[in-house]
Amino acid sequence: MPVPTTGGALSGGAVRSEYGAFVHVATVTPWIVALKAAAVGGPPAPATPTATAVPDSVPVRSADVGAGAFGADVPADNPSAVVWAVFCGDTRSWQRNPEQYRRDAIRDRAEYPLAGDLGANIQPCAFWKPAGSEPATAASNDVNALIVQNQWDPQATLAMAQGMRRALHGARMVTVAGGEGHGVVVAGPSCADADVTRYLTTGGLPAKDPTCGG
């Protein structure tokens, strides 16, 4: 059953679409409590996790604030459009048949009840023009790259970063133990800051792949 909120009723799919907030424990916990209360007849919950009170110790990210933080002349869908421009350009193999998306969504709802069809449902890439003809970048290389990764990143998981580190033979990877969210240095002070600053100003890499505290 949809859960009543101040912004209207939320289905399970709408709740799951806020997956990025679920790694920020201090921010999302009051929202989960409010949703559970609203589901059994309590007052409507806030519409999103960002509508709850955010503790002073939790940095507010630009992605949480929304497009309005960048000026009234920026379209509201600009952040989403930019993200999908990257995703849709990553490969030329996006499925174009809506019927295939329908079958995939039905399959994923049965196989993955927690995430449902969030990742399988139809997206802009099904309708946008194919990406350009430039060759794909070879991930297996010896470039001296620096990878920084939060332990708890819901969008690019730790396992994904570790896989990229194995492919980038000349790279080093800084893992922030206990780090939450998709941004590392953009979300506020981080133990990875010194390594990032050194890399950006001198090109220098750590001697090994360090893990630092959150």
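Me: What makes the stretch holding Ile32 a helix?
Reply: Ile32 lies in α2, and a helix here is a DSSP run of H or I with at least four residues, numbered from the N terminus. α2 covers residues 25-39, so its 15 residues meet that definition. Bear in mind that this is a predicted model, where local features need pLDDT of at least 70, side-chain atom pairs count only at pLDDT 80 or more, and totals for chains, interfaces and linings use all residues. Residues are numbered from 1 along each chain as its sequence is written, and side-chain values use heavy atoms, with hydrogens and water left out.

Me: Why is Ile32 called partly exposed?
Reply: Buried means under 20% relative accessible area and exposed over 50%, with partly exposed in between (1.4 Å probe, protein chains only). Ile32 has 32%, so partly exposed it is.

Me: How do you know that the buried residues of α2 line one face?
Reply: They are Thr27, Val28, Trp31, Ala34, Leu35 and Ala38. Looking down the axis of α2, they fall within an arc of 120 degrees, so they line one face. The arc is taken from the directions from the helix axis to the C-beta atoms. On the other side, Val33 and Lys36 are exposed.

Me: What makes Gln95 partly exposed?
Reply: Its relative accessible area is 34%, so Gln95 goes in the in-between class. Gln95 sits in the loop between α4 (78-89) and α5 (98-111). Leaving out residues up to four places away in sequence, Gln95 touches Gln100, Tyr101 and Ala126 (contact means heavy atoms within 4.5 Å).

Technical notes
Helices (H or I, at least four residues) and strands (E, at least two) are DSSP runs, numbered from the N terminus. The expected span of a helix is 1.5 Å times one less than its number of residues.
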